[in-house]
Amino acid sequence: MIKRLRSSRKKLLRNFTLGMLILLLSNCEFFINSLDQPLSANAGDVITAKLDMNFQTNLGPYTARIVIGILAPRAWKLGQNQNVKITYSGDKGTGTFVPIPSNVVAGGAKNGENWATRMKNRFGIGPNYLDDMEWVPFWTTSAISTVPNENPHAVFNIQMKVGVDGANTSVKLGYVVCNDNDGIGDTDITLSPVKFADCLEVKGTGDLVDFCNPSLTTLNPTRALDNDYQAISYNNALVDTKLKGIHDLYICATGHTSDGKSIGICSQTDDTKLMETNPNQFQITFWPRKFFNLTAGQTLTDMDYYITNKAGTARVGYGNTDVPFKIKFVCE
Amino acid sequence: MVNKNILAALGMVIYLLSVVACKTDKLVPEATESNKSINGTWVIASATQNGLELMNLPNGMTHLADFKITFTDGKYTIENPVPFMVATNGQYKFNDPQYPFDISLTADGSQTPVKSTFLTPTVNGDKRITLTFSPGCDKNLYKYTLKRTN
């Protein structure tokens with residue numbers, strides 16, 4: 001009995017070591033040779049991005065599904081309604097990609113995160129300025145096998161419906177490629193190379209949602225109703241304004257309701273004070289319904305606001321002018 | 001010798017069976033310990049909007065720490081409202097009273113129940129309730145975890 005236990009322990013140890021070795025070696029390096037993506041489109045258009053790839057396997061054989069993640073504004077809902085269609089063709093034949101269900105744990109995830117979260121944690125929003133973006137993960141419908149020292153080439157054809165929210169948008173889309181075993185490492189970028197496109201301008205309607213360029217104020221979420229929490233961030237270091245060097249800043253706002261009323265909230269109190277989150281970076285988060293003391297039947301359609309000093313004597317508006325910043329409370 | 005072995009094995013089997021039988025008995029849930037009572041007053045222990053933590057913001061901005069909801073046998077009352085599934089008092093209902101995974105809140109005077117997934121994680125031995133909902137735009141997702149005050 002003891003003998004048998006010992007031998008099975010030995011076997012376990014051997015299998016474990018072998019398993020670890022395979023894990024360590026199961027690396028397949030990806031190279032994005034080029035990214036070809038249009039830089040202008042109309043809202044609702046389908047654009048095609050082409051990723052020219054090589055994946056190099058020194059050892060093997062490996063069998064894995066290829067994963068692509070796309071970083072885009074959340075309002076575009078790339079993961080829904082087949083807004084994205086991806087195919088590949090190359091040395092390994094042709095095939096298609098499908099969305100990865102959100103309950104699938106990402107390869108290489110230490111805390112059981114799913115693919116979308118893993119990508120967001122690792123790559124954030126890349127060179128964009130508004131954190132209202134999501135990584136949308138896709139994988140091949142079946143696994144692809146390689147033998148040692150193979151370097152297959154493939155072109156991924158990504159068709160995306162952009163700007164389904166109909167809004168004027170400028171954004172730098174991101175692309176990451178990896179396999180579902182290795183996933184996304186914390187440091188090793190060769191297993192999951194990432195590429196961000198130049199600024200894509202999508203022509204739609206309304207105020208520009210500008211992910212590409214820094215602005216004096218940014219909103220998070222970029223689309224909200226009066227019953228959402230709305231955060232306004234103010235960058236007091238971007239350009240020289242009347243408020244340069246001042247650290248005691250307030251918001252002076254006027255809300256407009258659907259029943260045609262204007263509500264001014266412009267006194268410098270704790271309710272209107274911005275907090276300094278980083279040097280010269282300020283933020284206020286508020287619930288518009290409470291901020292403007294709306295009654296049960298009232299709805300806020302939009303608001304104008306300025307950033308002011310404590311005395312209320314110096315104020316900064318849109319583009320450092322005397323025109324107020326504007327928020328429209330709409331979802332699309 | 002053989003008989004002794006068989007006897008010993010038989011004894012072992014009987015012993016094991018009795019041990020297992022006892023354990024199984026304990027594992028059967030009591031029929032009365034059903035309806036996962038949530039009666040009592042709850043406050044917000046953690047809150048996120050689109051995955052971003054809200055509780056680390058000053059309470060003067062969010063007022064989340066002031067929010068209270070009291071459940072009493074199918075009815076609820078709200079104090080110090082914040083963006084939530086409902087804005088006024090009303091009634092609540094589980095999809096399955098025995099093993100709920102959905103809770104619906106219907107504000108008084110409203111015809112439309114608002115539904116949330118109902119999770120009850122245990123933190124430091126205390127039961128929590130996690131609710132997920134969209135009070136404004138449907139793509140803005142909020143997750144509040146409630147803890148009992150008393």
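Among contacts in chain A between residues at least 6 apart in sequence, 74% join residues at least 24 apart, a contact being a pair of residues whose C-beta atoms, placed from the backbone, lie within 7 Å. The model is predicted, and local features are reported at pLDDT of at least 70, side-chain atom pairs at pLDDT 80 or more, while totals for chains, interfaces and linings use all residues. Residues are numbered from 1 along each chain as its sequence is written, and chains are lettered from A and ligands numbered from 1 in the order in which they are written.

Confidence comes next. The mean pLDDT of chain A is 89, and 92% of its residues reach 70 or more; pLDDT is the predictor's confidence in each residue, on a scale from 0 to 100. Over residues 18-26 of chain A the pLDDT is below 50, and this stretch has 4 contacts in the model beyond near neighbours in sequence.

Chain A contains 3 helices and 24 strands, taken as DSSP runs (H or I of at least four residues for helices, E of at least two for strands) and numbered from the N terminus. Of its 332 residues, 36% are buried. Here a residue is buried if 20 or more other C-beta atoms lie within 10 Å of its own, exposed if 12 or fewer, and partly exposed in between, with C-beta atoms placed from the backbone.

One open sheet has 9 strands of chain A in the order 1-3-10-6-7-8-5-12-13, with antiparallel pairing; two strands count as paired if DSSP finds at least two bridges between them. Its edges are strand 1 (29-36) and strand 13 (194-196) of chain A, each of which pairs on one side only. Neighbouring strands of this sheet are turned against each other by 25° on average, direction ignored. Helix 2 (residues 115-123) of chain A packs on the sheet, where it touches strand 5, strand 8 (133-140), strand 12 and strand 13 of chain A, and its direction makes about 125° with that of strand 8 of chain A. Such angles run from 0 to 180 degrees between N-to-C directions, with axes as lines fitted to C-alpha atoms, for helices over the stretch in contact.

Strand 20 and strand 21 of chain A pair over 3 bridges in the antiparallel sense, with Gln283(A) of strand 21 as the bridge partner of Met275(A).

The largest nonpolar core has 51 residues, of which Leu249(A), Ile251(A), Leu274(A) and Ile307(A) touch the most other members. A core of this kind is a set of buried Ala, Val, Leu, Ile, Met, Phe, Trp, Tyr and Cys residues joined through C-beta atoms within 7 Å. Strand 22 (residues 300-308) of chain A gives the most to this core, with 5 residues. Not counting residues up to four places away in sequence, Ile307(A) touches Tyr234(A), Leu243(A), Leu249(A), Ile251(A), Arg315(A) and Val316(A). Apart from this core lies another, of 49 residues, among them Phe30(A), Phe55(A), Trp139(A) and Cys178(A).

Several loops also deserve a look. The peptide bond from Asn220(A) to Pro221(A) is cis, with omega near -5°, and Pro221(A) lies in the loop between strand 16 (217-220) and strand 17 (230-235) of chain A. Asn81(A), in the loop between strand 5 (66-73) and strand 6 (84-90) of chain A, has a positive phi near 50° and counts as exposed, with 9 C-beta neighbours inside 10 Å. In chain B, Asp73(B) has a positive phi near 45°; Asp73(B) sits in the loop between strand 3 (68-72) and strand 4 (75-79) of chain B. Most residues other than glycine have a negative phi, and most peptide bonds are trans.

Finally, 18 residues of chain A are in contact with 17 residues of chain B. Strand 21 (residues 281-286) of chain A supplies the largest share of the chain A side, 3 residues.

Key. Contact = placed C-beta atoms within 7 Å.
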